[in-house]
Amino acid sequence: MKSKVESVMENTIKRTIMVVAAAVIMAVNLKTFVRTGGLIPGGFTGLTRLLQEISEMLWGIEPPFTAINLTLNAIPILISFKFIGKKFTIYSCLMIVLSGLITDFIPSYTLTTDMLLVAVFGGLFNALAIAVCLMANATSGGTDFIAIFLSEKFDMDSWNYIFGLNVVILAVAGALFGWEKALYSIIFQFTSTQVLHTLHRRYQKQTLLIITEKPDEIYMAIKETTNHDATLIKGEGCYLKQECNMLYSVVGRDEVRKVLKRVRETDPKAFVNMIRTESLSGRFYQRPND
């Protein structure tokens, strides 16, 4: 059995590797698809690119990506450190700094000049980088900090609201540099938002209705796995006219697989109905960031 120190070290190494991988994907995407299409990705990354483009247009100089991005992220980093989590913020800073440095030092490369392919695949890889980062319990910074802060404080699945904010940034880019690239940038950001919404499910909810002969054991499995509560409903099966037990519980969508595994181990005969929960009012335990 692993000691606590070994578990912490293993988790640290795993998170660091995932953050580094996310930073590499993000930087390569910026220097291939984003740079090729002249796209403005949205968020603070897009705002950084917008400021670089404006500086180059006005003074013929493109400031370092890292310097601008770190400056923009200064206040969100402080908010994250105070309200979200210290380790979470440290790993996020690693992501911000590393992705910026790689972006500044690797050369640009053109994979395709088809703008639709650039927008769609650029958005896909952007979402992949952010999703890997979020799975490591970190973020790429900027609007991601804001989205997670809103989700933590107000229990909101706020990614689509962030998309709306990004559209405003893209509108400014369109007014300055032409609407064609701005419109392709919206396709890029829409693709990224929808893929990320699919990949990252922490702030989405799932309702579980579990009919079982072992309600106490199943309840303990849910509690130990997710720290969520459940409600026991007594009923009668219409076919056999026998008393049955139904557990009602709401868990995070990212927790469903673990819960189902424990349910199957506890009661292989359990009948589980999973319903997507669109909204929820009331106390709901949200696993805190570290």
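Which residue forms a salt bridge with R49, and how far apart are the closest N and O atoms?

Modeller: The partner is E53, and the closest N and O atoms are 2.7 Å apart. Before going on, note that this is a predicted model: local features need pLDDT of at least 70, side-chain atom pairs count only at pLDDT 80 or more, and totals for chains, interfaces and linings use all residues. Numbering starts from 1 along each chain as its sequence is written, and side-chain values use heavy atoms, with hydrogens and water left out.

A salt bridge here is a side-chain nitrogen of Lys or Arg within 4 Å of a carboxyl oxygen of Asp or Glu. E53 and R49 both sit in helix α2, 4 residues apart, about one turn of the helix. Helices (H or I, at least four residues) and strands (E, at least two) are DSSP runs, numbered from the N terminus. R49 counts as buried, at 3% relative accessibility. E53 is partly exposed, with a relative accessible area of 21%. Buried means under 20% relative accessible area, exposed over 50%, and partly exposed in between (1.4 Å probe, protein chains only).

The salt-bridge count comes to 3. Another one joins E62 to R35, at 3.2 Å from N to O. E62 lies in the loop between α2 (43-59) and α3 (65-83) and R35 in helix α1, so this pair ties together parts 27 residues apart in sequence. E62 is partly exposed at 33%. R35 is partly exposed too, at 26%.

E224 and R262 also form a salt bridge, with their closest N and O atoms 3.1 Å apart. E224 belongs to helix α9 and R262 to helix α10 (residues 256-266), so the link spans 38 residues of sequence. E224 counts as exposed at 52%, while R262 is partly exposed at 28%.

The whole structure holds 1 aromatic pair. Its rings, F33 and F125, have centres 5.9 Å apart and planes at 10°, so they are stacked. (Rings of Phe, Tyr and Trp, with its six-membered ring, pair if their centres lie within 6.5 Å; planes under 30 degrees apart count as stacked, over 60 as edge-to-face and the rest as tilted.) F33 is in helix α1 (residues 4-37) and F125 in helix α5 (residues 115-135), 92 residues apart. F33 is buried at 10%, whereas F125 is partly exposed at 31%.

Two strands pair if DSSP finds at least two bridges between them. Strand β1 (residues 205-212) is joined to β4 by 7 bridges. T207 stands opposite I275 in β4.
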